[in-house]
Amino acid sequence: MKKGGLKLHHLHAPALLGQEMSVEVERKFSYSADTLKALEEIGAVCVGQRQFHDQYFDTPQFDLTLRDMWLRKRKGFWELKCPTAAGGGAEETSGAQVKAAALCTRYKEITSLPEIQLRLMDVLKDICEDRHSETGSSHQDESWLSKMNLVCFAEFTTMRQSFTLEEDGVQIDLDQADFGYYVGEVEVVVPEGGDVQAALDKIEITAQKLGLTGDQRVEGKMNVYLKRNHPEHYAKLLSAHIL
Ligand code: V4E
């Protein structure tokens, strides 16, 4: 049976671009009981603990994640993380800055559902059932998912304790995923077009204050989840240097 088209009501693509978009710069790290002590010593303020369930979506052929695009639903809201343009807006001038930047990831985070749908259509237009279709729907109406052939490929719950270094705009999260993986992250959110290098510098200073000495990227929750649950796809992402 043919599925209905995807309609984009009352919205024009150029009007959407740039809305509700920021760049998330972050560095993951392994934490231990000592990390809490270190956070207290550097004046980090605990801003709370919360639990959330993430569902990640892709086509059965993994067309999104193979392009380093990560679509998820968290607490009822849609989010799309995509790579930033080449260079990502940072201007590392020293060897130390290059090294520090290599430990971090930078992703555009898009939270406007119509804009998410536009970007997905752009990537998936050749495989959508109705190529000439338009998008547009409410958070409740999820028929667009099946029209774009998107299915949930990963879901897990995270318990997160968050801290801020208020004067720096730095957030530190300590995550415990329900599949038994613990990971911390130091994060700075930069408005689109903002100073990514300044964010990288703040993250490096925070990492030094916390005594984070590792010179290898620490795996995120999804790395570990995919390794365990979708090993073939994980291997593809590794060889494509996406993970
Ligand atoms: C961007 C990305 C994925 C989406 C999940 O991103 P992540 O920041 O790991 O999740 P989380 O729960 O900490 O999100 P937040 O609450 O901070 O928004 S899954 C894989 N990637 C790419 C990626 C990568 N290549 N390398 C590392 C170390 N992490 C993520």
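By class, how many nonpolar, polar and charged residues does the lining of the largest pocket have? I'll come back with the count in a moment. First, a caution: this is a predicted model, and every value I quote is computed from it.

Now the count. The lining of the largest pocket has 20 charged residues, 11 nonpolar and 5 polar. The volume of that pocket is about 850 Å³. It is lined by 36 residues, and those closest to its centre are Glu24, Glu26, Lys28, Lys81 and Glu185. Among the elements, β1 gives the most to the lining, namely 5 residues.

What takes up the space of the largest pocket? The ligand does. Two or more residues of the shell around the ligand come from each of these elements: β1 (21–29), β3 (70–74), β5 (104–110), β8 (181–191) and α7 (221–229).

Next, the shell itself. There are 20 residues around the ligand, and the nearest are Glu26, Arg72, Arg74, Glu185 and Lys221. Sorted by class, the shell has 12 charged residues, 7 nonpolar and 1 polar.

On to the individual contacts. Glu185 has a polar side-chain atom 2.7 Å from an oxygen atom of the ligand. For Glu187, a polar side-chain atom lies 3.2 Å from an oxygen atom of the ligand.

How much of the ligand's accessible area does the protein cover? On its own the ligand has 640 Å² of accessible area, and the protein covers 95% of that.

Technical notes
Residues are numbered from 1 along each chain as its sequence is written. This is a predicted model: local features need pLDDT of at least 70, side-chain atom pairs count only at pLDDT 80 or more; totals for chains, interfaces and linings use all residues. Side-chain values use heavy atoms; hydrogens and water are left out. A residue is near a molecule or strand if one of its heavy atoms lies within 4 Å of it. A polar contact is a pair of N or O atoms within 3.5 Å; within protein, one must be able to donate a hydrogen and the other to accept it, and residues adjacent in sequence count only if both atoms are side-chain atoms. Accessible areas come from the Shrake-Rupley method with a 1.4 Å probe; for residues, only the protein chains shown count as cover. On a 1 Å grid over the protein atoms alone, a cavity is a set of points where a 1.4 Å probe fits but cannot get out, and a pocket is an open set with protein on both sides within 12 Å along at least five of seven lines; lining residues have an atom within 4 Å of a point. A molecule sits in a cavity or pocket if more than half of its atoms lie within 2 Å of its grid points. Helices (H or I, at least four residues) and strands (E, at least two) are DSSP runs, numbered from the N terminus. Ala, Val, Leu, Ile, Met, Phe, Trp, Tyr, Cys and Pro count as nonpolar, Asp, Glu, Lys and Arg as charged, and the others, Gly among them, as polar. Grid points are joined across faces, edges and corners, and a volume is the space filled by probe spheres set on the points.
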